[in-house]
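Visitor: I would like to learn how to read the domains, the helix packing and the sheet here. Please show me the structure to begin.

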Amino acid sequence: MNKFDLNKLIRPNVLEMLPYSSARDEFEGEASVFLDANENSLGSSIEGEYNRYPDPRQTPLRNEFAKLKGIKPEQIFFGNGSDEAIDLLFRAFCEPKKDRALIFPPTYGMYKVQANINETPVDEINLNPDFTLPIDKIEQVINPNVKLMFICSPNNPTGNLIAKDKIIRIIENFRGLVIVDEAYIDFAPSDASMISEIENYPNLVVLQTFSKAWGLAGLRLGMAFAQKELIDTLCKIKYPYNVNQLTQDAVLQAVLNPTLKNEMVATILEQRTQLIAALNIIDAVKYIYPTDANFVLAQIKNATEIYKKLIAKGIVVRNRSNVALCNDCLRITIGTAAENKALINELTVLTK
Ligand SMILES: Cc1ncc(COP(=O)(O)O)c(C=O)c1O
C-alpha cells in the first residue's frame with residue numbers, strides 16, 4: 001500500500017478546527033481548591049461524589065484496560081457505547097453527500113442509520129449466501145469515494161466470524177478506513193480478534209463494547225482501537241465528558257477483576273451448545289447457522305407466525321425474516337438455562 005496519510009481522509013473542517021478545551025484539560029495536577037469549572041463545591045444532591053466533572057480522558061480506566069488488551073493507552077477511544085464511535089467516525093471522515101460508506105448486509109443496522117443521519121450515501125454488497133465476505137465483488141465494484149467500510153465479526157445477525165485473511169486483504173488494498181466491529185468477539189475463539197493488527201495497519205479501526213460479554217449494557221461503554229493519530233481525531237470531536245463518572249468507576253472495577261465476566265462467557269458458551277442441540281430436535285427448525293456470538297440465527301418454518309406466538313407466551317426473540325438473506329430466520333439470544341428451556345418448550349408446542 002502507498003504511504004497512508006490519515007490527514008487526507010479527515011474532513012478538512014475537522015482537521016482545521018480547535019477542540020473545546022475543558023477546565024479539566026487546562027489544569028492537570030494536584031490542587032486542593034477547584035474553582036475552575038463552575039461545579040457545586042458543596043457536594044452532590046444524592047449519596048456519592050458526583051459534583052465534579054469526570055476525567056475527559058478516562059485515564060485510570062484507559063491504563064488498566066490497555067494492560068488487559070495488550071495495547072497502548074493512546075490506542076483506545078472510549079465512548080457512550082460503541083455506537084458513539086460509529087457516529088464519530090462518520091463525523092470525522094465523511095463529508096456529507098460526497099464521501100460514501102460500504103456495508104455488507106445482513107449486518108448491524110446502526111451503520112446505515114448513522115450514515116443517513118450524516119447524509120453519507122451507503123453502498124451495500126450482500127454477504128455470500130453462507131455469510132462469508134464477497135471479496136472479489138468488493139474489489140471489482142468499490143466506489144472511489146468510499147471512506148468507511150464496516151465489517152462486523154462475528155456478524156450480527158448471522159453470528160459468524162469473518163475470515164481474518166480476507167479482512168487483511170481488504171485493509172491492504174483499500175485507501176479508506178476498515179472498521180471491524182467486534183461487539184461479540186468474547187464469544188469467539190481467543191485468537192479471532194483483529195486488535196493485534198492495529199499496530200500494522202493505520203487504516204484499521206476495531207470496535208468492541210462492554211454491552212455484551214461484560215454484561216454492562218446499561219452503563220453504556222464502548223471503544224474503538226486504532227493507531228494514536230486516528231484515536232486523537234475521535235477524541236478531538238467527542239463531547240468533552242462523554243463517559244460519566246459512575247461508568248468510569250464501575251467499569252474500572254470490572255476490568256480489574258474480569259473473573260466473573262470470564263465465568264459468564266463460559267456459561268453462555270455451554271448454554272449455546274445446549275440450545276443448538278435442543279433446537280435441532282425440533283422439526284420446524286430447518287437450519288441453524290454456525291455461530292461465534294451469544295446468539296443463534298435459526299431458520300424456522302413460518303418464522304413470523306412463530307415469532308408472534310412466542311410473544312403471546314411472553315418470550316421475545318428477534319424476527320429477522322425481512323432482512324437480506326435471512327428469509328424465515330429468528331435471531332435468538334442465549335439466555336439463562338431456565339429461559340432457554342422455556343423457549344424450547346414453547347417452540348416445541350407451537351410448531352407441533
Ligand atoms: C454489531 C454491534 N455493534 C455495536 C453494537 C452496539 O454496542 P453498544 O452497546 O456498545 O453501543 C451492537 C449492539 O447490539 C452490535 O450488535
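**Domains and their contents**

Guide: The domain assignment gives domain 1 (6–15 + 54–256) and domain 2 (260–350); such bounds come from an automatic or database domain assignment. This is a predicted model, in which local features need pLDDT of at least 70, side-chain atom pairs count only at pLDDT 80 or more, and totals for chains, interfaces and linings use all residues. Residues are numbered from 1 along each chain as its sequence is written, and side-chain values use heavy atoms, with hydrogens and water left out.

Visitor: What is the area buried between domain 1 and domain 2?

Guide: The size of an interface is often given as the accessible area lost when the parts come together. Between domain 1 and domain 2 about 1,700 Å² is buried, 68% of it from carbon and sulfur atoms (accessible area with a 1.4 Å probe, summed over both parts). Phe 131, Pro 157 and Phe 187 supply 37% of the area that domain 1 buries against domain 2, more than any other three residues.

Visitor: At what angle do helix 5 and helix 9 pack?

Guide: Axes are lines fitted to C-alpha atoms over the stretch in contact, and angles run from 0 to 180 degrees between N-to-C directions. Helix 5 (residues 82–93) and helix 9 (residues 228–237) pack at about 95°, their axes 10 Å apart. Helix 5 is therefore roughly perpendicular to helix 9 (65 to 115 degrees). Helices are DSSP runs of H or I with at least four residues, and strands are runs of E with at least two, numbered from the N terminus.

Visitor: In what order do the four strands form the open sheet?

Guide: Strands pair if DSSP finds at least two bridges between them. Here the order is 8-9-11-10, with antiparallel pairing. Strand 8 (285–288) and strand 10 (318–319) stand at the edges with a single partner strand each, so one side of each has no neighbour in the sheet.

How values were computed:
Angles under 35 degrees count as roughly parallel, over 145 as roughly antiparallel, 65 to 115 as roughly perpendicular and the rest as oblique. Buried area is the accessible area (1.4 Å probe) that two parts lose on being put together, summed over both.
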